[in-house]
Amino acid sequence: MTAPALLIRDLKFRYGASSSASWVIDLPALELSRGEQMLLTGQSGGGKSTLLYLISGLMEPNEGSISVDGQDMHAISGEKRDLYRGRKIGMIFQTFNLLEGFTAVENVLTALMFSDIPSSEHQKRAETLLQSLDINQPNKPVEQMSVGQQQRVAVARAVACGPVLVLADEPTASLDPDNAVAAMDLIQQTCEIQGAALLCTSHDPALADRFSRREALRTAQPTAS
Amino acid sequence: MTDFTIILRSMARRMFSTVTTVVTVAVAVALMLTLLSMRHASEQAFQRGAGNMHMLVSAEDSPLLTVLNNVFYSGVPRRAMTWEQYEDLAFGRRMPWEFAIPTQLGDSHRGFPVMATTEEFFTKFQPHRDTQWQLAEGRFFEDSFEVVVGSTVARAAGIRIGDQFDITHGIEQSRGWFGREVEPGMEPHVHYGFPYTVVGILEPTGSAHDRAMFTDLESSWIIHAHDRRREGNPSIRTTTAADLIEEDRLITGVYLRVATRAGRGISAAQQQIYNTLRAEPTLTVADPHFEIGKLFAIVSDIDQIFLALAGVVLVSSGIAIMLALYNSMEMRRRQIAILRVLGCGRLRVFGLVLTESALIGLLGALAGVALCFVGVHVVAELMRARLGLVIEPTLEPIWTFVLVMSTILLAAVAGLVPAALAYRTPVVKNLRPL
C-alpha cells in the first residue's frame with residue numbers, strides 16, 4: 001500500500017516553553033493522498049505558515065507526528081531531515097524566495113543539487129522544466145525577471161526534484177487578480193503533471209473554488225492547565 | 001551546479017568586499033614572500049661581488065670597510081698603500097698567491113667609480129666563481145688612458161666605444177657636477193687634460209662591478225702626479241710616466257687569492273696566511289665572504305623584525321577575511337535559509353562559508369605570489385639602479401608552497417566564526433518577507 005503524501009496525527013504547537021501559552025496549532029488529523037490538492041484557509045496570523053514549516057521539518061512540534069511519504073519528519077534529524085525535505089517536499093513562497101544573483105536555471109539546479117537524481121541529468125531536467133513553464137531565457141538572473149516569470153521559476157524549483165508534496169504558502173498574496181489566477185493555474189497544473197500532492201495555504205476566498213478539498217485551520221484553543 | 005558555483009556566486013555578489021579582501025591577503029603574502037626571497041638573493045648578490053678572491057688587503061680601519069669600499073664601491077678609501085707595500089705583499093714573502101691584484105679607487109666619472117688596476121683583474125679575478133669577464137663590445141684596456149666600463153655605467157651614462165672623457169677626483173663631486181648647479185668654491189676637481197678613451201664595455205656580471213669603470217694604474221698615477229707637480233709649478237702643462245715618483249704609486253687595495261689545487265675553491269694555507277697578515281699593524285686584511293656573512297648576520301635581526309611584521313600583516317588579513325564574511329552574513333541569511341529549505345544541511349552550509357573563506361585565502365595567496373614575482377623584480381631593479389647590486393630573486397618552491405598553504409589555513413580559521421553564524425542561521429525567521 002502506498003503511503004499518503006502527508007499524514008498528520010494529533011499535532012500541537014505553541015511558541016515558547018511556557019505550558020500556559022495557547023496552542024497555535026492543534027490539528028487532530030490531516031491526510032493528503034498522492035496527487036491530491038487541498039486548500040487550507042484561515043485568518044491571517046492563524047498559523048497556516050507555521051503548519052507548513054512544521055510539515056517541512058523546519059520547526060519542531062510540541063506534540064503529535066507528521067509523516068511525509070511514510071516517513072515521520074521529526075523522527076529523523078539534522079542533515080538527514082534536510083535532505084529528505086529537499087527530495088520529498090517542494091516549497092513555494094509568497095515572496096518566491098529565489099536565490100538572487102543566480103539565473104533561473106541555476107535556481108532550479110540548486111534544488112536538484114540536493115536530490116537523488118543523477119547530476120548528469122540536472123541540466124537537461126532544469127531546462128526542460130523551465131521551458132515547459134514558458135521561461136525562454138533560463139540564463140537570465142532572476143532579479144531581472146518579471147514577477148510572473150519569478151513565480152514560474154519558483155514553481156519549477158519546487159517541483160524539480162519530483163517531490164511527493166508541494167507546500168504553497170500564500171502563493172498569490174503579492175499578485176494582482178489576473179496574475180493570481182495564472183499563478184494558481186500554473187501551480188495546480190504543474191503539481192498534477194508531476195504527480196505531487198499540493199497543500200496550499202491562503203486567506204484569499206477567491207481560491208476556494210479551485211480546490212475540491214478545502215479545510216479551515218481553526219484558531220487554537222487555550223490549553224487546559 | 002556545485003557547491004563551488006554557490007560559493008562563486010556569493011563572492012560575485014559581494015565583489016567589492018571580495019576583491020578588497022583578496023587584495024589585502026595578496027599584499028600580506030607578497031610582502032612575506034618578497035622578504036623571504038630577497039633575503040637569500042641579497043646575500044647571494046653581495047657574495048657574488050667578492051668573486052674568486054680569498055682575501056682583500058687595504059690600509060682602511062676595518063675589514064668590513066675594506067670590503068665595502070674596495071668591492072662594493074660604497075665610498076672612497078681614506079687610506080692608501082704604497083707600491084712598495086704591495087710588492088712586499090705580492091712577491092716579497094713567498095706567499096703562494098694565485099693572484100695579487102692591486103686596485104686603486106678615488107676617482108669617478110658622472111658618479112660612477114673608476115678603478116685603476118692591472119690586466120690581471122680581467123684575466124685572473126672572476127667577478128663570481130667560475131665565471132670569467134665577458135665583453136659586450138670592444139676589448140680590455142691594453143694601454144694608458146684606456147677605460148673599460150661596466151654594463152650599468154654604459155647603459156646609464158649612454159657611453160659607447162670610442163667616447164672620451166675626463167675623470168673627476170672623488171665620487172660625490174662628480175655626481176654633483178653633471179647637470180647641476182654647484183655652489184661657488186664647491187666645484188669638482190676634474191683631471192682636465194688627460195682624456196680617457198672607452199675601449200670596452202663589459203657584459204653584466206650581477207655584481208657591483210657593473211657600475212664601475214676600469215683603467216690601468218699608471219694612468220691614474222699620472223693624473224695625480226700632475227696635480228702634485230702643478231702645486232709646485234702651475235705652469236706645468238703635462239705629466240708622463242717618466243715624471244712619476246714613488247709617492248705617486250699608491251693603491252687602495254689588493255685582491256688576493258691563494259693558489260689551490262685544480263678544482264678546489266680553498267687552500268689549506270689560506271687561514272695561516274690570513275692570520276699572518278692580520279698581525280701586520282699597517283695592513284687590514286679581510287675575508288670578503290666572511291665579512292659579508294657578518295654583515296648579513298647583523299642585518300638578519302632587522303630582517304626577522306620585518307618578517308615578523310609581515311606575519312602580523314598576514315594575520316591582519318585573516319582578520320579582514322573574517323570581518324568581510326561576518327559583515328556579509330547579514331545579507332546572506334536569506335540565501336542560507338533558502339538553501340536549507342532546498343535540502344542543504346547545516347554542516348554543508350558551514351562548509352560552504354568555510355570553503356569560501358579558504359578560497360579567498362587561496363586567491364589572495366596566488367595573487368600574492370604573482371605580486372611578489374613583480375615586486376621582487378621591482379625591488380631588484382631598484383637595488384640594481386641605486387646600489388649596483390644585481391639580485392636574482394627566486395621564489396623558493398617549498399617556501400611558496402608552505403606560505404600558500406598557511407594562508408589557506410589561516411583564512412579557513414578566520415572563516416570559522418562566520419561559518420558558525422551561518423550554521424546557526426534560523427531558517428524560518430529569514431524566509432519571511434524582508
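In strand β6 (residues 146-149) of chain B, the side chains of B:E146 and B:V148 point one way and those of B:V147 and B:V149 the other way, and all are buried; helices (H or I, at least four residues) and strands (E, at least two) are DSSP runs, numbered from the N terminus. Burial is assigned under 20% relative accessible area and exposure over 50%, with partly exposed in between (1.4 Å probe, protein chains only). In a regular strand the side chains alternate between the two faces of the sheet. The model is predicted: local features need pLDDT of at least 70 and side-chain atom pairs count only at pLDDT 80 or more, whereas totals for chains, interfaces and linings use all residues. Residues are numbered from 1 along each chain as its sequence is written, chains are lettered from A and ligands numbered from 1 in the order in which they are written, and side-chain values use heavy atoms, with hydrogens and water left out.

Strand β6(B) is joined to two further strands of chain B, where pairing requires at least two DSSP bridges between the strands. Four bridges connect β6(B) with strand β9 (residues 196-202) of chain B in a parallel arrangement, and three bridges connect β6(B) with strand β10 (residues 213-216) of chain B in an antiparallel one. B:V147 takes part in both pairings: its bridge partner in β9(B) is B:V198, and in β10(B) B:V147 stands opposite B:T215. Strands of a sheet pair through backbone hydrogen bonds, either parallel or antiparallel.

B:E146 counts as buried because its relative accessible area is 11%. B:R139 meets B:E142 as well, in a salt bridge of 3.7 Å, N to O. With 30% relative accessibility, B:R139 is partly exposed, whereas B:E142 is exposed at 58%.

A further salt bridge in chain B is formed by B:E356 and B:R332, with an N to O distance of 2.9 Å. This pair links distant parts of the chain, with B:E356 in helix α11 (residues 346-387) of chain B and B:R332 in helix α10 (residues 288-342) of chain B, 24 residues apart. Both partners are buried, B:E356 at 1% relative accessibility and B:R332 at 7%. In chain A, salt bridges that share partners join A:R34, A:D69 and A:K88 into one network. Over all chains the count comes to 24 salt bridges.

Helix α10 of chain B also holds B:R333, which is buried, with a relative accessible area of 18%. Leaving aside neighbours within four places in sequence, B:R333 is in contact with B:T425 and B:N430, contact being defined as heavy atoms within 4.5 Å.

B:V27 lies in helix α2 of chain B and is partly exposed, at 42% relative accessibility.

Chain A has six helices and nine strands. Five strands of chain A form an open sheet in the order β6-β7-β8-β3-β9, with parallel pairing. Its edge strands are β6 (89-92) and β9 (213-216) of chain A, each of which pairs on one side only. Neighbouring strands of the sheet are turned by 20° against each other on average, direction ignored; axes are lines fitted to C-alpha atoms, for helices over the stretch in contact, and angles run from 0 to 180 degrees between N-to-C directions. Strand β3 (residues 37-41) of chain A is joined to β9(A) by four bridges, in parallel, and A:M38 stands opposite A:R213 in β9(A). Helix α1 (residues 48-55) of chain A lies across β3, β6, β7 (165-169) and β8 (197-201) of chain A, running at about 150° to β7(A).

Of the 225 residues in chain A, 53% are buried. Among contacts in chain A with a separation of 6 or more, 71% are accounted for by residues 24 or more positions apart. Chain A exposes about 9,800 Å², of which carbon and sulfur atoms supply 46%; accessible areas come from the Shrake-Rupley method with a 1.4 Å probe, and for residues only the protein chains shown count as cover.

Note on methods: A salt bridge is a side-chain nitrogen of Lys or Arg within 4 Å of a carboxyl oxygen of Asp or Glu.
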